[in-house]
Amino acid sequence: MMSVQDQIHQTVTGNKVVLYMKGTPTFPQCGFSSMAVQILKACGVNDFVAVNVLEDADIRQGIKEYASWPTIPQLYVNGEFVGGSDIMKEMFQNGELQTLLG
């Protein structure tokens, strides 16, 4: 059986864009997750893996340990941790996120 850390690693490295969030892209469960989805869509990214951390307590805690980042949402691009919604917003506003996602 795969450990939670192995499962997270496989997800973030096996997909171009991964968003660990509360809820789903069509029904976010918090404002920060909603903003993260809106930012990705504004960047033209409609095809991304969204992991609802509210569905699995082990994933919810494991992702915080994986990135050493205490909050959700968390964005990963090309296997690398980008940040949460505040970092996404700042990167979007200065064009860095669009370049990273391009």
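**Figure 1. Buried residues of helix H1 in the predicted model.** Helix H1 covers residues 4-13, and Ile 8, Thr 11 and Val 12 in it are buried. Seen down the axis of H1, the buried residues fall within an arc of 90°, so they line one face of the helix. An α-helix has 3.6 residues a turn, so residues three or four places apart point the same way.

**Figure 2. The open sheet of four strands.** The strand order is E4-E1-E5-E6, and the pairing is mixed. E4 and E6 stand at the edges with a single partner strand each, so one side of each has no neighbour in the sheet. From one strand to the next, the twist averages 25°. Strands of a sheet pair through backbone hydrogen bonds, either parallel or antiparallel.

**Figure 3. Pairing of E1 with E5.** These two strands pair in the antiparallel sense, over four bridges. Val 18 has Tyr 76 of E5 as its bridge partner. Tyr 76 also has a bridge partner in E6, namely Phe 81.

**Figure 4. The hairpin of E5 and E6.** Strand E6 spans residues 80-83 and runs antiparallel to E5, to which three bridges join it. Two residues lie between the strands of this hairpin. Asn 78, in the turn, has a positive phi of about 50°.

**Figure 5. Helix H3 against the sheet strands.** H3 lies across E1, E4, E5 and E6. The helix runs at about 60° to E5.

**Figure 6. Cys 30 and Cys 43, without a disulfide.** A search of the whole structure finds zero disulfides. The closest cysteine sulfur to that of Cys 30 is in Cys 43, at 18 Å, which is too far for a bond. A disulfide would need the two sulfur atoms within 2.5 Å. Cys 43 is likewise in no disulfide, with the sulfur of Cys 30 as its nearest cysteine sulfur. Cys 30 counts as buried because its relative accessibility is 18%, where the cut-off for buried is under 20%.

Notes: Residues are numbered from 1 along each chain as its sequence is written. This is a predicted model: local features need pLDDT of at least 70, side-chain atom pairs count only at pLDDT 80 or more; totals for chains, interfaces and linings use all residues. Side-chain values use heavy atoms; hydrogens and water are left out. Buried means under 20% relative accessible area, exposed over 50%, partly exposed in between (1.4 Å probe, protein chains only). The arc is that of the directions from the helix axis to the C-beta atoms. Two strands pair if DSSP finds at least two bridges between them. Axes are lines fitted to C-alpha atoms, for helices over the stretch in contact, and angles run from 0 to 180 degrees between N-to-C directions. Contact means heavy atoms within 4.5 Å.
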